[in-house]
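Look at the sequence and the 3D structure below.

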Amino acid sequence: MRKMLENDISSLNLGKNLVTKLKENEINSVYDLCNFSRMELSNIGIENNQIGNIVVELQLLGIDLKKNHAKRNTSINSYLK
């Protein structure tokens with residue numbers, strides 16, 4: 001799982017435009033992406049349908065976005081120890 005979190009976001013099936021937009025916002029790895037909530041992604045200009053695609057791709061890996069914008073994503077921290 002740790003290696004999966006370290007993968008570049010281009011390894012996800014998100015489409016070139018979305019990957020470019022994420023990288024412009026310094027979201028380069030799956031781990032970086034998991035540290036964002038839906039609201040935070042929306043605030044940087046990611047559309048709701050794109051956020052839905054991100055959620056599906058992460059769920060296929062068994063991980064998810066941060067649940068609350070004010071807290072950390074505790075579900076992925078256990079994989080990094």
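## Terms and fold

Two residues are in contact when heavy atoms of theirs lie within 4.5 Å. That cut-off decides what counts as covering a residue here.

The model is predicted. The protein has 6 helices and 0 strands. From the N terminus, the order is α-α-α-α-α-α. Of its 81 residues, 35% are buried. Take the contacts with a separation of 6 or more: 56% of them join residues 24 or more positions apart. The accessible surface is about 5100 Å², and carbon and sulfur atoms hold 46% of that.

## The core

In soluble globular proteins, nonpolar side chains tend to be buried together. Here, the largest nonpolar core has 19 residues. Leu 22, Leu 33, Leu 41, Ile 54, Leu 58 and Leu 65 touch the most other members. Helix 2 (16–24), helix 3 (30–34) and helix 5 (48–61) each supply at least two core residues. Helix 5 gives the most, with 4 residues.

What does Leu 41 contact, beyond its neighbours within four places in sequence? Its partners are Leu 22, Ile 27, Leu 33, Phe 36, Ile 46, Ile 51, Ile 54 and Leu 65.

## Helix 2, side by side

Leu 18, Val 19 and Leu 22 are buried in helix 2. They lie on the same side of helix 2, because they cover an arc of only 100° around the axis. The cover over the buried residues of helix 2 includes helix 3, helix 4 (38–43) and helix 5.

The face turned away from that buried side carries exposed residues: Lys 16, Asn 17 and Glu 24. Just after helix 2 comes Glu 26, with a positive phi of about 60°.

Methods. Residues numbered from 1 in each chain as written. Predicted model: local features only at pLDDT ≥ 70, side-chain atom pairs only at ≥ 80, totals over all residues. Heavy atoms only, no water. Core = buried A, V, L, I, M, F, W, Y, C linked by side-chain atoms within 4.5 Å. Buried < 20%, exposed > 50% of the residue type's maximum accessible area, 1.4 Å probe, protein only. Areas by Shrake-Rupley, 256 points an atom, 1.4 Å probe, with all protein chains shown as cover. Arc of directions from axis to C-beta.
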